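Reader: Please take a close look at the side-chain contacts in this model, beginning with the aromatic rings and then turning to the charged groups. I would like the criteria stated as you go.

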Amino acid sequence: MIYFKCVEEQSERIPSIINTIDRWIHSPALKKILESFGTDIPDGLNITETVQWLLNFSDEWDYRKKQQNAKDQATKEAARWLLNDHAVTESQSRAVWEGIADLGLQGADTPARSDYDYIIALGGARLSCLLRPQYAKRVMEQYVLYPKAVVMLSGTRPIADSERIVTDTYAKGANTEYDLICKGAEQSFGVSEFREQRHDDSNQNLSWAIRTYANEFPVISIAGPSTEPNIRRANSADTYQFFFEKFKISEGEKLLLVTSQIYVPYQQIEAIRTLSLPYGVLTETIGFPNEWSGNLQGMQQPVNYLQEIRSTIQAISRFLLSISQVKG
C-alpha cells in the first residue's frame, strides 16, 4: 500500500511526500485503472505536468457532477451515497477493486505509533459521525493509547433528507453534522454531561461550537466557522485552524486522524498541507474497517472509489501548488 507518511524530520517532509506522490501517480494500480478507461499518462511529463494531466482526465470520474439524480432534495447538493455504478463497465470495476488497496483507499486502519497527543475523529455523512468516534475509542483501547484529548471535528452542515434513514438510527432529530458527531461521541465514550461555548450566527457559515464532556480524559467536540462565510461552509482546513487556535497546539505534537478508509489518502495529504507544514506537527490518518458500515453507509462502490481517487489527485495538486508558492 502506498501511504503518504508524514516523516518525523520536518526538513524531510516535502521531499518524502513528493517521492510518494511520484510513486502513487506512476503506480501499476493507477495505470491499470487508466487503461480500463482507454488512456494512459503521456510520456515525457514531469511530476507537476503529470498531476495536471491526471487532474484534467479525472473530470471523467466526477460522478457527483455527472449524476444529477444524486442530488439530495433538501440541500440540492450531490450526495456520495446516492451515486450508482451504471456508467462503470465490468473491466473498469475490476481494475478499481484490484487497485484501491495499493492506492491506499483500503487497509490503512492501524496506528503506527503509541504516543499521540491528540486523537481526532473527523465528521462526515450518514454513519461517519458514529463509526469514526467508535474507532477512535477502539484504537485507544486496542493499542493502549493515552492522548491529551480525543477531539471530534465537524461543521454545521445541515443534515440531508437522504441521510436521515441512517442518521436517525443513532441521532434522531439531529439538525447538523455537529449534532451527529456529538451523539456519536456520547455513545462511543459513554459521556453525557458537558459544558459548551458556542456562537450562533444568522450566517450559518460563521457559527461555531465547542463542547467539552465530563470524563476521565478530555472528550471534546468542535464545529468551526468558515474562513469564507459568504462563499461556502467551513471545510476541513477551517476546522483544523479553529481547533489549533483555540487549543494552542504546539509544534512537534502528534495527531492521529480517524476517518473512513476510502478518504485516508485525501485526508492525509490535506492534513500534511494544512497542518504538518505550516504548524510543524506530525499527522497520521487511519480509517475504520470497511465491514463496520455494512449496507448503511452506501459509499463502497467502484464509482465512489473513482470519485475519491479524483479527490486525492486534487489534494496532490493543491499540495504541489502550495509548495511551489512557498519556493517562489
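Author: The count of aromatic pairs comes to 15, where rings of Phe, Tyr and Trp (its six-membered ring) pair if their centres lie within 6.5 Å, and planes under 30 degrees apart count as stacked, over 60 as edge-to-face and the rest as tilted. One of them joins phenylalanine 37 and phenylalanine 57, whose ring centres are 6.5 Å apart with planes at 80°, so this pair is edge-to-face. It links distant parts of the chain, 20 residues apart, since phenylalanine 37 is in the loop between α2 (28-36) and α3 (47-57) and phenylalanine 57 is in helix α3; helices (H or I, at least four residues) and strands (E, at least two) are DSSP runs, numbered from the N terminus.

Phenylalanine 37 also forms an edge-to-face pair with tryptophan 61, at 5.6 Å centre to centre and 70° between the planes. Here the partner, tryptophan 61, is in the loop between α3 and α4 (63-66), 24 residues apart from phenylalanine 37. Phenylalanine 37 counts as buried at 16% relative accessibility, and tryptophan 61 is buried at 0%, where buried means under 20% relative accessible area, exposed over 50% and partly exposed in between (1.4 Å probe, protein chains only).

The model is a predicted one, in which local features need pLDDT of at least 70 and side-chain atom pairs count only at pLDDT 80 or more, whereas totals for chains, interfaces and linings use all residues. Residues are numbered from 1 along each chain as its sequence is written, and side-chain values use heavy atoms, with hydrogens and water left out.

Turning to the charged groups, the structure holds 22 salt bridges, each being a side-chain nitrogen of Lys or Arg within 4 Å of a carboxyl oxygen of Asp or Glu. Aspartate 115 meets arginine 113 in a salt bridge of 2.8 Å, N to O, and it also forms one with lysine 254, where the closest N and O atoms are 4.0 Å apart. Because lysine 254 lies in strand β6 (residues 254-260) and aspartate 115 in the loop between α5 (90-99) and β1 (118-122), this second pair ties together parts that are 139 residues apart in sequence. Lysine 254 is buried, with a relative accessible area of 14%, while aspartate 115 is partly exposed at 35%.

Within helix α6 (residues 128-142), lysine 137 and glutamate 141 lie four residues apart, about one turn of the helix, and their salt bridge has its closest N and O atoms 3.2 Å apart.
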